[in-house]
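Take a first walk through this structure with the sequence at your side.

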Amino acid sequence: MSNQSAQLRIYTALATIPCGRVATYGQIGKLAGLPRSGRLVGRTLRNLPNNSVLPWHRVINASGKISRPQDSDGFKRQKARLQEEGLVVVGNRINLAQYQWQP
């Protein structure tokens with residue numbers, strides 16, 4: 001499978017996460033038909049164009065945490081966007097039992 005094909009599959013899975021829900025990097029990989037590809041999902045999201053409308057902010061790690069450093073602008077932007085959608089973020093953690101999307 002080409003990198004472009006994998007990227008498109010990840011974008012397609014990412015676009016399906018509903019507002020007010022989160023998914024893990026690994027979960028997006030599985031939905032894209034790319035099991036065990038959480039790192040690839042992370043790299044793909046890091047390289048999203050700045051003007052992308054895909055909901056990158058709804059992807060967190062398997063521990064229920066925002067992966068970016070807490071003092072970074074990216075962390076602050078992701079946390080704010082999640083809170084705007086009604087999610088409760090405590091520190092850098094989101095309650096997966098409450099907010100994880102189950103397609």
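Predicted model: local features only at pLDDT ≥ 70, side-chain atom pairs only at ≥ 80, totals over all residues.

A residue is called buried under 20% relative accessible area, exposed over 50% and partly exposed in between, using a 1.4 Å probe and protein chains only. By that scale Arg 36 is exposed, because its relative accessibility is 84%. Arg 36 sits in the loop between H2 and H3. Its phi is positive, about 60°, although Arg 36 is not a glycine. Most residues other than glycine have a negative phi.

Residues are numbered from 1 along each chain as its sequence is written, and side-chain values use heavy atoms, leaving out hydrogens and water.

Now step back to the whole chain. It has 5 helices and 4 strands. These are DSSP runs, numbered from the N terminus: helices are H or I with at least four residues, strands are E with at least two. From the N terminus on, the order is α-β-α-α-β-α-β-β-α. The chain is as compact as a globular protein of its length, because its radius of gyration is 13 Å, close to the 13 Å that the globule rule gives for 103 residues. That radius is taken over C-alpha atoms, and the rule is 2.2 Å times the number of residues to the power 0.38. Along the principal axes, the C-alpha atoms fill a box of roughly 40 × 30 × 20 Å.

How much of the chain is buried? Buried residues make up 42% of the 103 residues. The chain exposes about 6200 Å², and carbon and sulfur atoms supply 47% of that area. Accessible areas come from the Shrake-Rupley method with a 1.4 Å probe; for residues, only the protein chains shown count as cover. Contacts (heavy atoms within 4.5 Å) also span the sequence. Among those between residues at least 6 apart, 61% join residues at least 24 apart.

Next, go inside. In soluble globular proteins, nonpolar side chains tend to be buried together. A nonpolar core is a set of buried Ala, Val, Leu, Ile, Met, Phe, Trp, Tyr and Cys residues joined through side-chain atoms within 4.5 Å. The largest one here has 18 residues. Those with the most contacts inside it are Leu 14, Ile 17, Ile 28, Leu 45, Leu 48 and Val 59. Helix H1 (3–15), helix H2 (25–31) and H3 each give two or more residues to this core. H1 gives the most, with 5 residues. A second, separate core of 10 residues includes Ile 60, Phe 75, Leu 82 and Ile 94.

Look along H3, residues 38–46. Val 41, Gly 42, Thr 44 and Leu 45 are buried there. Seen down the axis of H3, the buried residues fall within an arc of 165°, so they line one face of the helix. The arc is that of the directions from the helix axis to the C-beta atoms. The face turned away from the buried side of H3 carries the exposed residues Arg 39 and Arg 46.

Beyond its neighbours within four places in sequence, Val 59 is in contact with residues including Leu 14, Thr 24, Leu 45 and Gln 78. Two of these partners deserve a visit.

Thr 24 belongs to strand E1, residues 23–24. Thr 24 counts as buried because its relative accessible area is 10%. Its contacts outside four places in sequence include Ile 60, Leu 96 and Gln 100.

Gln 78 lies in helix H4, residues 73–84. With a relative accessible area of 3%, Gln 78 is buried. What lies 3.0 Å from a polar atom of its side chain? The backbone oxygen of His 57 does. Gln 78 is also in contact with Trp 56, Ile 66 and Arg 68, among others.

Two last stops remain. Asn 92 is in the loop between strand E3 (89–90) and strand E4 (93–94). Asn 92 is buried, at 17% relative accessible area, and its contacts include Gly 64, Gln 70 and Phe 75. Gln 4, in helix H1, is exposed, with a relative accessible area of 64%. Gln 4 and Lys 76 are 72 residues apart in sequence and 30 Å apart in space, C-alpha to C-alpha.

Terms used. Polar contact = N/O pair within 3.5 Å; in protein donor to acceptor, adjacent residues only side chain to side chain.
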